[in-house]
Amino acid sequence: MSDVIKLLPESIANQIAAGEVVQRPASVVKELMENAIDAGAQEITVIVKDAGKSLIQVTDNGNGMTETDARMSFERHATSKIEKSEDLFTIRTMGFRGEALASISAVAQVEMKSKPGEEELGTSITIDGSQFKGQHNISCKKGTSLIVKNLFFNVPARRNFLKSNPVELRHIMNEFHRLALAHPDKGLNFYQNDIEVYKLKQGKLSQRIVSLFGKNYQEQLVPCEEALEEVSLKGYIGKVNFVKKSRGEQFFFVNDRFIKSNYLNHAVVSAYEGLIPSGTFPFFVLFIEIGPKCIDVNVHPTKTEIKFEDERSVYSLIKMAVKKSLGSFNITPTLDFGVDTNFRMHMSAGSTSSGLSSSERDYSQFKNTERDISNLKNWEQLYAGALENETIEAEVKREMAAQGDPLSLTFESAINTMGEDIQQEGQSDKQNIFQFHLSYIVTTVKSGLMIIDQQSAHERIYYEKYLKILENNSGSSQQLLFPESINLNPSDSSLVKELEKEIKSVGFAFEYLGENTIVINGVPSLIKVDSGSGIFTGVLEDYKKNFLEYKNSNIENMARSMATNSGIKSGKKLSTEEMKSLIDHLFACKNPNHSPNGRLIYYIFGLEKIEDIFNVKP
Ligand code: ADP
Ligand code: MG
């Protein structure tokens with residue numbers, strides 16, 4: 001048999017390697033911006049067209065490259081950033097693997113122009129899918145400009161795999177946000193299809209956060225700082241009443257490099273425990289400075305994972321710092337314990353608001369960092385009124401009027417014997433239904449005692465309802481007397497464009513007023529009129545979260561987001577009529593057992609089980 005093993009040609013090897021470094025246009029933006037930062041640029045301009053599918057251009061005023069370096073930079077494992085293996089343990093630059101330019105030029109048409117400050121002339125070099133096309137002298141400004149055209153032009157499978165423009169643009173924005181936060185001392189510009197999206201001046205981190213995410217962030221930021229010998233932490237966290245429904249705005253940087261770490265995330269989240277409703281996420285931008293020797297960034301080609309030598313002490317540093325900042329800033333919103341909360345409460349028995357001792361009500365004690373803040377479970381109550389819901393009764397009536405769907409029909413669900421069960425019990429005693437902890441409905445059924453989680457139940461009802469509406473495109477809308485305008489950040493604005501069909505089909509009526517502003521003229525008839533814009537932004541937040549978590553269709557995610565945002569919440573007082581109506585609707589659902597997010601909706605304590613409890617003899 002003859003020998004069969006051959007070395008792969010350089011171009012194929014590069015293409016294979018590119019698979020790891022270049023996954024989508026956003027990866028190119030990241031790599032090129034990082035190179036610009038490593039080159040000491042003070043000003044970086046990013047231009048993308050077609051969400052980076054046809055063009056990505058990154059221009060910097062950094063150190064530039066000589067003719068030879070420019071040519072060399074496209075070779076695999078060619079880097080100016082490390083020389084020997086020990087250097088791997090003292091890395092301060094963003095790049096060091098020498099893979100990015102080789103990988104990008106293997107899967108795109110690339111043109112680079114570069115000139116070091118002291119040279120008269122610069123150099124221009126063209127490479128197409130790893131094929132060197134030519135190099136010549138040009139006159140250009142100091143710095144480097146890379147133009148990457150038609151990404152994946154020679155890898156059709158990859159090109160076809162790219163998502164829609166709004167999705168790809170969102171990925172690009174995410175990378176841009178990360179780098180913009182890590183380098184507030186650099187001027188950064190971003191253009192998409194010739195439209196200026198960001199023009200960020202050099203400044204402080206707080207200014208950078210505000211110019212990226214919006215003016216309203218200004219009052220919501222709490223500084224956070226703590227230092228130990230080897231590690232230090234600096235940055236901002238969001239106040240407790242400024243939580244989001246998706247994880248999107250949580251940023252960790254280690255030595256200015258954005259990283260993902262569930263473990264460190266947990267440190268922050270646990271410091272917020274008891275202060276924010278479950279299922280919500282605090283905002284944070286935190287920078288960890290640590291000796292390069294104590295970490296290993298070379299874990300993954302995209303370098304978003306790192307290993308710490310002593311992860312635990314970093315964890316406790318973060319948790320301590322966040323707790324301290326939360327405690328030392330006066331972040332107490334006005335208190336009113338009489339009001340029903342609209343957020344889910346997970347209160348342990350005996351910790352109802354009425355059961356609080358006066359000292360527990362004194363939240364000024366919270367300023368004392370020694371105090372165990374996890375006691376303050378009732379903070380959730382402070383969020384009352386965030387999404388006021390009208391009574392189910394009124395809603396059901398209005399809905400029936402709108403859809404000609406008589407309530408009595410809901411009892412006749414063929415698939416559901418449970419409905420009959422309740423009805424029969426209900427006939428013998430009209431009063432055997434009550435609300436418990438403002439969160440659960442308790443009623444008797446033939447087989448025992450049934451406890452229903454009111455929030456999950458209503459989410460299920462709305463979920464199925466919105467699913468139907470979306471499938472039939474049958475959402476009705478109620479006009480707003482005073483249209484409301486909403487400013488969106490650019491990535492949310494592209495999400496709205498992406499979901500325009502679904503948003504409108506559910507019953508929102510809106511128009512664009514400029515690139516990132518929309519005006520809401522009408523809201524779905526199922527929701528309360530004046531909560532319209534709150535629900536709109538809530539739905540966007542939820543959609544992003546659902547998108548990451550469930551990866552379902554747009555319709556499904558939309559129904560889920562609408563249900564969680566417009567359904568009644570734990571903590572809402574319900575009348576007997578409302579409870580009955582809720583039960584009726586629940587057992588008319590296709591799946592009354594679980595909420596759209598998989599939570600159990602009801603539980604029955606079987607009669608036998610109850611009898612067993614009392615039958616135990618000492
Ligand atoms: P790495 O960044 O890991 O070193 P790259 O492939 O991204 O690898 O870049 C290779 C080399 O090209 C870098 O080490 C650097 O010397 C040079 N280079 C790349 N981009 C720039 C730039 N914008 N300005 C100056 N030099 C650059
Ligand atoms: Mg690089």
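Reply: In helix H1, the buried residues are Ala13, Asn14, Ala17, Ala18 and Val21. They cover an arc of only 145° around the axis, and therefore they sit on the same side of H1. This is a predicted model, and everything below should be read as a description of that prediction.

The length of H1 can be checked against its residue count. H1 runs over residues 10-21, which is 12 residues. At 1.5 Å a residue the helix should span 16 Å, and because its end C-alpha atoms are 16 Å apart, the two values agree.

As for the cover, the buried residues of H1 lie under elements that include helix H2 (25-38) and helix H4 (100-106).

H2 also packs against another helix, H6 (residues 165-182): the two axes come within 8 Å and cross at roughly 20°. An angle under 35 degrees counts as roughly parallel, so H2 is roughly parallel to H6. The crossing of these two helices is right-handed. On the H2 side, the residues in contact are Pro25, Ala26, Val29, Lys30, Met33, Glu34 and Ile37. They meet Glu168, His171, Ile172, Glu175, Phe176 and Leu179 of H6.

Helix H13 (residues 454-472) and helix H17 (residues 554-566) have axes that come within 8 Å and cross at roughly 140°. That angle makes H13 oblique to H17. The contact involves Glu459, Tyr462, Tyr463, Tyr466, Leu467 and Leu470 of H13. From H17 it involves Ile555, Glu556, Met558, Ala559, Arg560, Met562, Ala563, Thr564 and Ser566. The crossing of H13 and H17 is right-handed.

Burial is also found in a loop. Gln220 lies between helix H7 (205-213) and strand S9 (221-227). Its relative accessibility is 17%, and because buried means under 20%, Gln220 counts as buried. Beyond its neighbours within four places in sequence, Gln220 is in contact with Ile237, Gly238, Lys239, Asn241 and Phe242.

For the chain overall, there are 19 helices and 22 strands. Of its 618 residues, 51% count as buried. Among contacts between residues at least 6 apart in sequence, 71% join residues at least 24 apart.

Methods. Residues are numbered from 1 along each chain as its sequence is written. Chains are lettered from A and ligands numbered from 1 in the order in which they are written. This is a predicted model: local features need pLDDT of at least 70, side-chain atom pairs count only at pLDDT 80 or more; totals for chains, interfaces and linings use all residues. Side-chain values use heavy atoms; hydrogens and water are left out. Helices (H or I, at least four residues) and strands (E, at least two) are DSSP runs, numbered from the N terminus. The expected span of a helix is 1.5 Å times one less than its number of residues. Buried means under 20% relative accessible area, exposed over 50%, partly exposed in between (1.4 Å probe, protein chains only). The arc is that of the directions from the helix axis to the C-beta atoms. Contact means heavy atoms within 4.5 Å. Axes are lines fitted to C-alpha atoms, for helices over the stretch in contact, and angles run from 0 to 180 degrees between N-to-C directions. Angles under 35 degrees count as roughly parallel, over 145 as roughly antiparallel, 65 to 115 as roughly perpendicular and the rest as oblique. A crossing is left-handed if the near helix is turned anticlockwise from the far one by less than a right angle, and right-handed if clockwise.
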